[in-house]
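Here is a protein to get to know. Take a look at the sequence and the fold, then read on.

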Amino acid sequence: MPVSSSKTTPPRAWQRMLSGRRLDLLDPSPLDIEISDIAHGLARVARWNGQTEGDHAYSVAQHSLLVEDIFCRITRDVTPECAMAALLHDAPEYVIGDMISPFKATLGDDYKSVEKRLQRAIHLRFTLPPDLPAKLKKAIKRADQIAAFFEATQLAGFGVAEASRFFGRPRGMSPEELRLEPHPPKLAQAAFLERFKKIEESRREFPSK
(Lines give C-alpha, C1' and ligand atoms only; values in the text may rest on other atoms or scores of the structure.)
Protein backbone atom coordinates (compact mmCIF):
# COMPACT_ATOMS: atom_id res chain seq x y z
CA MET A 1 0.00 0.00 0.00
CA PRO A 2 1.55 3.35 -1.01
CA VAL A 3 2.63 5.64 1.75
CA SER A 4 0.66 8.88 1.81
CA SER A 5 2.58 12.11 1.90
CA SER A 6 1.57 15.38 3.45
CA LYS A 7 3.52 17.18 0.77
CA THR A 8 1.54 18.41 -2.21
CA THR A 9 2.92 19.45 -5.56
CA PRO A 10 2.14 23.11 -6.20
CA PRO A 11 0.05 23.75 -9.32
CA ARG A 12 1.98 24.55 -12.47
CA ALA A 13 2.15 28.31 -12.89
CA TRP A 14 4.04 28.48 -16.17
CA GLN A 15 3.08 28.09 -19.80
CA ARG A 16 5.32 26.73 -22.53
CA MET A 17 5.43 29.01 -25.56
CA LEU A 18 6.04 27.99 -29.16
CA SER A 19 9.39 29.78 -28.96
CA GLY A 20 10.37 27.22 -26.31
CA ARG A 21 10.20 29.73 -23.46
CA ARG A 22 8.54 28.87 -20.17
CA LEU A 23 6.67 31.92 -18.93
CA ASP A 24 5.85 31.97 -15.22
CA LEU A 25 2.43 33.61 -14.98
CA LEU A 26 2.82 34.56 -11.32
CA ASP A 27 6.37 35.87 -11.58
CA PRO A 28 7.01 36.60 -15.28
CA SER A 29 10.56 37.31 -16.36
CA PRO A 30 11.24 39.70 -19.25
CA LEU A 31 13.80 37.16 -20.47
CA ASP A 32 10.99 34.68 -21.19
CA ILE A 33 8.99 37.07 -23.36
CA GLU A 34 9.32 36.96 -27.15
CA ILE A 35 7.48 39.14 -29.65
CA SER A 36 6.85 36.09 -31.84
CA ASP A 37 4.87 34.48 -28.99
CA ILE A 38 2.94 37.70 -28.36
CA ALA A 39 2.00 38.10 -32.03
CA HIS A 40 1.04 34.44 -32.37
CA GLY A 41 -1.13 34.51 -29.26
CA LEU A 42 -2.85 37.85 -29.85
CA ALA A 43 -3.74 36.86 -33.42
CA ARG A 44 -5.64 33.88 -32.01
CA VAL A 45 -7.45 35.63 -29.16
CA ALA A 46 -10.89 36.90 -30.13
CA ARG A 47 -12.22 40.28 -29.11
CA TRP A 48 -15.81 40.49 -27.80
CA ASN A 49 -15.74 36.78 -26.90
CA GLY A 50 -15.92 36.04 -30.63
CA GLN A 51 -19.35 37.69 -30.96
CA THR A 52 -18.42 39.68 -34.06
CA GLU A 53 -19.46 39.62 -37.68
CA GLY A 54 -17.27 38.18 -40.43
CA ASP A 55 -15.74 34.90 -41.48
CA HIS A 56 -12.98 35.24 -38.88
CA ALA A 57 -12.79 36.40 -35.29
CA TYR A 58 -11.67 39.98 -34.80
CA SER A 59 -8.44 39.37 -32.92
CA VAL A 60 -6.65 41.27 -30.20
CA ALA A 61 -3.74 41.60 -32.64
CA GLN A 62 -5.98 43.58 -35.00
CA HIS A 63 -7.40 45.57 -32.11
CA SER A 64 -3.86 46.45 -30.99
CA LEU A 65 -3.01 47.69 -34.46
CA LEU A 66 -6.21 49.72 -34.53
CA VAL A 67 -5.53 51.33 -31.15
CA GLU A 68 -1.97 52.24 -32.14
CA ASP A 69 -3.26 53.74 -35.41
CA ILE A 70 -5.91 55.82 -33.60
CA PHE A 71 -3.43 56.83 -30.90
CA CYS A 72 -1.05 58.20 -33.53
CA ARG A 73 -3.92 60.11 -35.18
CA ILE A 74 -5.18 61.82 -32.03
CA THR A 75 -1.90 62.42 -30.18
CA ARG A 76 0.63 65.16 -30.85
CA ASP A 77 4.34 64.49 -31.20
CA VAL A 78 4.12 60.71 -30.96
CA THR A 79 7.52 59.17 -30.26
CA PRO A 80 8.37 55.60 -31.31
CA GLU A 81 8.34 54.63 -27.61
CA CYS A 82 4.79 55.93 -27.22
CA ALA A 83 3.69 54.11 -30.37
CA MET A 84 5.22 50.90 -29.04
CA ALA A 85 3.40 51.32 -25.72
CA ALA A 86 0.12 51.72 -27.62
CA LEU A 87 0.77 48.65 -29.76
CA LEU A 88 1.54 46.55 -26.68
CA HIS A 89 -1.25 47.91 -24.49
CA ASP A 90 -3.10 44.56 -24.49
CA ALA A 91 -0.04 42.34 -24.87
CA PRO A 92 -0.68 40.37 -21.61
CA GLU A 93 -3.72 38.89 -23.32
CA TYR A 94 -1.45 36.60 -25.34
CA VAL A 95 -1.24 34.65 -22.09
CA ILE A 96 -4.42 35.41 -20.14
CA GLY A 97 -6.85 35.94 -23.01
CA ASP A 98 -9.26 38.79 -23.60
CA MET A 99 -12.00 38.93 -21.00
CA ILE A 100 -14.94 41.26 -21.49
CA SER A 101 -15.19 44.07 -18.94
CA PRO A 102 -18.11 42.61 -16.93
CA PHE A 103 -16.14 39.41 -16.30
CA LYS A 104 -12.99 41.34 -15.37
CA ALA A 105 -15.02 43.24 -12.79
CA THR A 106 -16.24 39.94 -11.33
CA LEU A 107 -12.70 38.57 -11.00
CA GLY A 108 -11.49 41.79 -9.41
CA ASP A 109 -7.98 42.34 -8.09
CA ASP A 110 -6.65 38.82 -8.74
CA TYR A 111 -7.00 39.23 -12.49
CA LYS A 112 -5.67 42.79 -12.41
CA SER A 113 -2.57 41.83 -10.44
CA VAL A 114 -1.63 39.05 -12.88
CA GLU A 115 -2.28 41.38 -15.83
CA LYS A 116 -0.16 44.13 -14.28
CA ARG A 117 2.80 41.83 -13.59
CA LEU A 118 2.73 40.58 -17.17
CA GLN A 119 2.46 44.12 -18.54
CA ARG A 120 5.43 45.30 -16.50
CA ALA A 121 7.54 42.34 -17.67
CA ILE A 122 6.58 43.00 -21.29
CA HIS A 123 7.50 46.66 -20.95
CA LEU A 124 10.88 45.78 -19.47
CA ARG A 125 11.52 43.25 -22.24
CA PHE A 126 11.05 45.95 -24.87
CA THR A 127 12.76 48.76 -22.92
CA LEU A 128 9.64 50.69 -22.01
CA PRO A 129 8.93 52.12 -18.54
CA PRO A 130 7.46 49.40 -16.29
CA ASP A 131 4.65 51.82 -15.44
CA LEU A 132 3.68 54.32 -18.11
CA PRO A 133 3.35 58.03 -17.29
CA ALA A 134 -0.24 58.94 -16.42
CA LYS A 135 -0.61 61.27 -19.43
CA LEU A 136 0.50 58.58 -21.89
CA LYS A 137 -1.64 55.94 -20.22
CA LYS A 138 -4.68 58.23 -20.48
CA ALA A 139 -4.05 58.93 -24.19
CA ILE A 140 -3.76 55.21 -24.98
CA LYS A 141 -6.94 54.54 -23.00
CA ARG A 142 -8.78 57.15 -25.06
CA ALA A 143 -7.60 55.51 -28.28
CA ASP A 144 -8.71 52.17 -26.84
CA GLN A 145 -12.20 53.55 -26.15
CA ILE A 146 -12.47 54.99 -29.66
CA ALA A 147 -11.45 51.62 -31.09
CA ALA A 148 -14.00 49.88 -28.87
CA PHE A 149 -16.78 52.21 -30.08
CA PHE A 150 -16.11 51.43 -33.74
CA GLU A 151 -15.64 47.71 -33.11
CA ALA A 152 -18.89 47.65 -31.13
CA THR A 153 -20.94 49.44 -33.78
CA GLN A 154 -19.34 47.93 -36.89
CA LEU A 155 -18.68 44.38 -35.74
CA ALA A 156 -20.34 43.49 -32.44
CA GLY A 157 -23.96 44.49 -33.02
CA PHE A 158 -24.13 47.54 -30.73
CA GLY A 159 -26.32 50.48 -31.62
CA VAL A 160 -24.69 53.91 -31.71
CA ALA A 161 -26.55 55.13 -28.61
CA GLU A 162 -25.60 52.05 -26.60
CA ALA A 163 -21.96 52.16 -27.66
CA SER A 164 -21.82 55.89 -26.91
CA ARG A 165 -23.03 55.21 -23.38
CA PHE A 166 -20.28 52.70 -22.69
CA PHE A 167 -17.35 54.07 -24.70
CA GLY A 168 -18.17 57.67 -25.60
CA ARG A 169 -18.88 58.78 -29.16
CA PRO A 170 -15.77 59.80 -31.12
CA ARG A 171 -15.75 63.01 -33.10
CA GLY A 172 -13.92 63.72 -36.33
CA MET A 173 -13.32 60.08 -37.24
CA SER A 174 -15.31 57.61 -39.32
CA PRO A 175 -15.13 53.82 -39.61
CA GLU A 176 -14.21 54.13 -43.29
CA GLU A 177 -10.82 55.49 -42.19
CA LEU A 178 -10.06 52.44 -40.05
CA ARG A 179 -9.13 48.81 -40.61
CA LEU A 180 -12.07 46.87 -39.17
CA GLU A 181 -12.42 43.84 -41.44
CA PRO A 182 -11.58 40.66 -39.47
CA HIS A 183 -8.56 38.84 -40.88
CA PRO A 184 -7.36 35.24 -40.64
CA PRO A 185 -4.97 34.66 -37.71
CA LYS A 186 -1.84 34.30 -39.83
CA LEU A 187 -2.53 37.57 -41.63
CA ALA A 188 -3.22 39.40 -38.36
CA GLN A 189 -0.07 37.91 -36.84
CA ALA A 190 2.07 39.02 -39.78
CA ALA A 191 0.61 42.54 -39.71
CA PHE A 192 1.28 42.87 -35.98
CA LEU A 193 4.88 41.71 -36.37
CA GLU A 194 5.45 44.02 -39.33
CA ARG A 195 4.22 47.04 -37.37
CA PHE A 196 6.31 46.07 -34.35
CA LYS A 197 9.43 45.85 -36.51
CA LYS A 198 8.76 49.24 -38.12
CA ILE A 199 8.39 50.90 -34.74
CA GLU A 200 11.58 49.21 -33.51
CA GLU A 201 13.43 50.50 -36.57
CA SER A 202 12.21 54.03 -35.77
CA ARG A 203 13.39 53.64 -32.19
CA ARG A 204 16.88 52.75 -33.39
CA GLU A 205 16.89 55.59 -35.89
CA PHE A 206 15.57 58.16 -33.42
CA PRO A 207 16.64 56.98 -29.96
CA SER A 208 15.16 58.66 -26.91
CA LYS A 209 17.30 61.27 -25.20
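## Ground rules

This is a predicted model, where local features need pLDDT of at least 70 and side-chain atom pairs count only at pLDDT 80 or more, while totals for chains, interfaces and linings use all residues. Residues are numbered from 1 along each chain as its sequence is written, and side-chain values use heavy atoms, leaving out hydrogens and water.

## The overall layout

The protein has nine helices and two strands. Reading from the N terminus, the order is β-β-α-α-α-α-α-α-α-α-α. Helices (H or I, at least four residues) and strands (E, at least two) are DSSP runs, numbered from the N terminus.

Of the 209 residues, 43% are buried. Buried means under 20% relative accessible area, exposed means over 50%, and partly exposed is in between, with a 1.4 Å probe and protein chains only. Among contacts (heavy atoms within 4.5 Å) with a separation of 6 or more, 66% come from residues 24 or more positions apart.

## Helices α7 and α8

How do you describe two packed helices? By the angle between their axes and the distance between the axes. For α7 (residues 134-154) and α8 (residues 160-167), the axes come within 9 Å and cross at roughly 160°. Axes here are lines fitted to C-alpha atoms, for helices over the stretch in contact, with angles from 0 to 180 degrees between N-to-C directions.

On the α7 side, R142, Q145, A148, F149, A152 and T153 meet V160, A163, S164 and F167 of α8. Sorted by class, this contact has six nonpolar, three polar and one charged residues. Ala, Val, Leu, Ile, Met, Phe, Trp, Tyr, Cys and Pro count as nonpolar, Asp, Glu, Lys and Arg as charged, and the others, Gly among them, as polar.

## Helices α3 and α9

The axes of α3 (residues 80-87) and α9 also come within 9 Å and cross at roughly 160°. That makes α3 roughly antiparallel to α9. This crossing is left-handed. P80, E81, A83, M84 and L87 in α3 meet a set of α9 residues including F192, F196 and I199. The contact of α3 with α9 has seven nonpolar, one polar and four charged residues.

## Aromatic rings

Rings of Phe, Tyr and Trp (its six-membered ring) pair if their centres lie within 6.5 Å; planes under 30 degrees apart are stacked, over 60 edge-to-face, and the rest tilted. The count comes to six aromatic pairs. One of them, F126 with F196, is edge-to-face, at 5.3 Å centre to centre and 70° between the planes. F126 lies in the loop between α6 (109-125) and α7 and F196 in α9 (residues 185-205), so the pair ties together parts 70 residues apart in sequence. F126 is buried at 5% relative accessible area, and F196 is buried at 7%.

W48, F158, F166 and F167 are linked into a cluster by ring pairs.

## Two positive phi values

W48 has a phi near 60°, positive although the residue is not glycine. W48 sits in the loop between α1 (35-42) and α2 (60-74), and is buried at 16%. D77 has a positive phi near 50°. Is D77 buried or exposed? D77 is exposed, with a relative accessible area of 74%, in the loop between α2 and α3.

Methods
Angles under 35 degrees count as roughly parallel, over 145 as roughly antiparallel, 65 to 115 as roughly perpendicular and the rest as oblique. A crossing is left-handed if the near helix is turned anticlockwise from the far one by less than a right angle, and right-handed if clockwise.
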